[in-house]
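Please have the sequence and the model open side by side. The paragraphs below go through selected residues, rings and strands in turn.

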Amino acid sequence: MQIKLESLTRICSRIPIQQWLLGVGCVLLLTQISPAQTTEAANWFQFRGPLGNGTAPGQQPPTTWSVGENVRWKTAIHGRGWSSPVVLGNEVWLTTATLDGKQQFAVCVDLETGQIKHDKLIFENVEVQKDHHETNTYASPTPILDDKYVFVHFGSYGTACLRRDTCEVVWQRRDLPCNHFRGPGSSPVFYKNLLIFHQDGFDFQYVVALDRATGETVWKADREIDYGTDNGDVFKAFCTPIIIDVAGQKQLISPASKACLALDPDTGKEIWRVRYQEFSATARPLFDGSRLYINTGFGKAQMYCVKADGHGDITDSDKIVWTQRKGIGSKPSQILVGGRLFGVTDDGIVARISTENGEIVWQDRLGGKFSASLVATDAYLYAFDHEGKGYVYTLADEPQQVSVNQLPDGCNASPAIVQNSLIVRTTTHLYRIGK
C-alpha cells in the first residue's frame, strides 16, 4: 500500500481529553460530519447531490439559458472526463484525464469567478487497461468532499485524499485490483469515518471501506454472486451505492451485476439480496423511506421496487412490490421528487413511472442520446443530452415542457445545483448557469 500520512501525533498529544470528547480531535483528523448535514446553499458534495438522489430542495436555477443568456461563467477543462462537478462552499471540484489515460488530474474551480484554483496531476499510468470503451473516460467516477478534504477516485488506477486548501496529497491507494473492462464508473460515498466504493470488474468484484483519515482498509466484502457465465464482461458494474436507515439499521445498498446486495456499512456483512438477469448496473438507487427503486442495468434494464426490511434472498418473496421493464434507461439515474418517479432512457424518452405499480403514466419522446442523470428542484425537472440540449419540465402529474436550451457541447456528466445555479459540465467546459 502506498500511503502518505500527515504527522499529527505531536499536535494531538497536546489536546485535552475534554476537547476530544467534544469532537475537536476528530476535526483535526478528518471531519466525520457529512456536509449533507448542513443547510448551506452551496452544497453538492457528492455524486447526485447532498441527498444522493439528484434533488435540490429550495433552489431556483434558471429554466432558460444559452451561450448568451444566464451564463455567469464558462471555463475550459482540459483532457476528457465524465466525473460530475461537486461543490462545497466556494469550490467546484472535478477530475479529468488525458485521452490515453496516462495522466489523471484533480481540478478545482472558484464558484464565484470560474477561475481555476488547482489543477494537479494525481496519477501517472505507464500502462492502462485494455478494452476501455470509447464512450467512457479515465476520469468518470465523481469526487466527494468534506470540510477540509477532497477524495478523488479513478477506479483501480488509484484513490487519493487531498487537502482542499493546498491540493496536497494526504494519502493515496493504488493497490486495489480490478480490471474494469470498459473503464471505471462507480463513485465513492461516506459513512461515518469510512470512504466506501465498488470495484466490480472483469476479474475482481468487491466492496471496500477505507479509513478516511489514513486510507487503510477497514473492511472488504467480496461479491458472492452466481453470474451464470464465465464471460467477465457480464461481471462488471458501475453503480454508486447509497446508505439508508431501516428501523434504525443502517444499510449500504450496493447494486452489482446480476444482483443488488444490502450490506452492513460497519462490517460489509450481507443483510439481504435480490437477483435479476441484467448486468453492468449503472444508475444510483433511490429510497423513499420504506421502499427502494433499483435499476438492474444493461440487457434491457428493469426497475425493481423493493421493500427494504428483508433478510436473506428476497428475490421470490413479497418484498418485491413490482417490476417494470418498459421505459427504463440503463445509464441515467432516475429521480424521485414530490412523490413522483421520473426517468429518461438512453435514447431520449422521458417518463413518469407510478410508484404504486410501476406503470408508465406519462412520457415524452425527446430523441438524442442521454447519459447524464436527471436533477430536480421543488418545481422543475432538468435533463441534459449528448448534443448540448437541456430540457426543463414541470413536476405535475402530466409534466409540461418549459424550455429546450442549447449549449455548444453535450453532457455525459450529471449537473449540480447550488446557489440558484446549475453547474454543468460539457465535454469541453464547465458552466455556471445562473441569473
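Q419 is partly exposed, with a relative accessible area of 29%; buried means under 20% relative accessible area, exposed over 50%, and partly exposed in between (1.4 Å probe, protein chains only). This residue sits in the loop between β32 (416-418) and β33 (421-425). Strands here are DSSP runs (E, at least two residues), numbered from the N terminus. Q419 is not a glycine, yet it has a positive phi of about 45°.

The model is a predicted one, in which local features need pLDDT of at least 70 and side-chain atom pairs count only at pLDDT 80 or more, while totals for chains, interfaces and linings use all residues. Residues are numbered from 1 along each chain as its sequence is written, and side-chain values use heavy atoms, with hydrogens and water left out.

A positive phi is also found at N70, about 60°, and N70 is not a glycine either. N70 lies in the loop between β1 (43-44) and β2 (71-76). Its relative accessible area is 22%, so N70 counts as partly exposed.

Two strands pair if DSSP finds at least two bridges between them. β2 and β34 run antiparallel and are joined by five bridges; within this pairing, W73 has R432 of β34 as its bridge partner. β33 and β34 are also antiparallel, with four bridges between them, and here I423 stands opposite R432.

How many of the five residues of strand β34 (residues 429-433) are buried? Five of the five are, so β34 is largely enclosed by the rest of the structure. Both of its faces are covered: H429, Y431 and I433 are buried on one side, and L430 and R432 are buried on the other.

Another loop residue is S187, located between β10 (169-173) and β11 (189-191). Is S187 buried or exposed? At 2% relative accessibility, S187 counts as buried. A polar atom of the S187 side chain lies 2.8 Å from the backbone nitrogen of T142. That distance can be set against the cut-off for a polar contact: a pair of N or O atoms within 3.5 Å, where, within protein, one must be able to donate a hydrogen and the other to accept it, and residues adjacent in sequence count only if both atoms are side-chain atoms. Leaving aside residues up to four places away in sequence, S187 touches F47, P141, T142, I196, F197, T240 and P241, where contact means heavy atoms within 4.5 Å.

The aromatic rings come next. The structure holds 13 aromatic pairs. Rings of Phe, Tyr and Trp (its six-membered ring) pair if their centres lie within 6.5 Å; planes under 30 degrees apart count as stacked, over 60 as edge-to-face and the rest as tilted. One of the pairs is F151 with F190, which is edge-to-face at 5.5 Å centre to centre and 85° between the planes. F151 is in strand β8 (residues 149-153) and F190 in strand β11, so the pair links distant parts of the chain, 39 residues apart. F151 is buried, with a relative accessible area of 0%, and F190, at 10% relative accessibility, also counts as buried.

Y293 and W322 form a tilted pair, 6.1 Å centre to centre with 45° between the planes. Because Y293 lies in strand β20 (residues 291-295) and W322 in strand β23 (residues 320-324), the pair ties together parts 29 residues apart in sequence. Y293 is buried at 2% relative accessibility, and W322 is buried with a relative accessible area of 6%.

F151 and F190 belong, with F45 and W171, to one aromatic cluster. F190 also meets a charge: the charged end of R212 sits over its ring, 3.7 Å from the centre. A charge sits over a ring if NZ of Lys or CZ of Arg is within 6 Å of the ring centre and within 35 degrees of the ring normal. The charged end of K220 sits over the ring of Y206, 4.4 Å from its centre.

Finally, four strands form an open antiparallel sheet in the order β24-β25-β26-β27. Its edge strands, β24 (335-337) and β27 (360-365), each pair on one side only. β24 and β25 (residues 340-344) pair over three antiparallel bridges, and I335 has F342 in β25 as its bridge partner.
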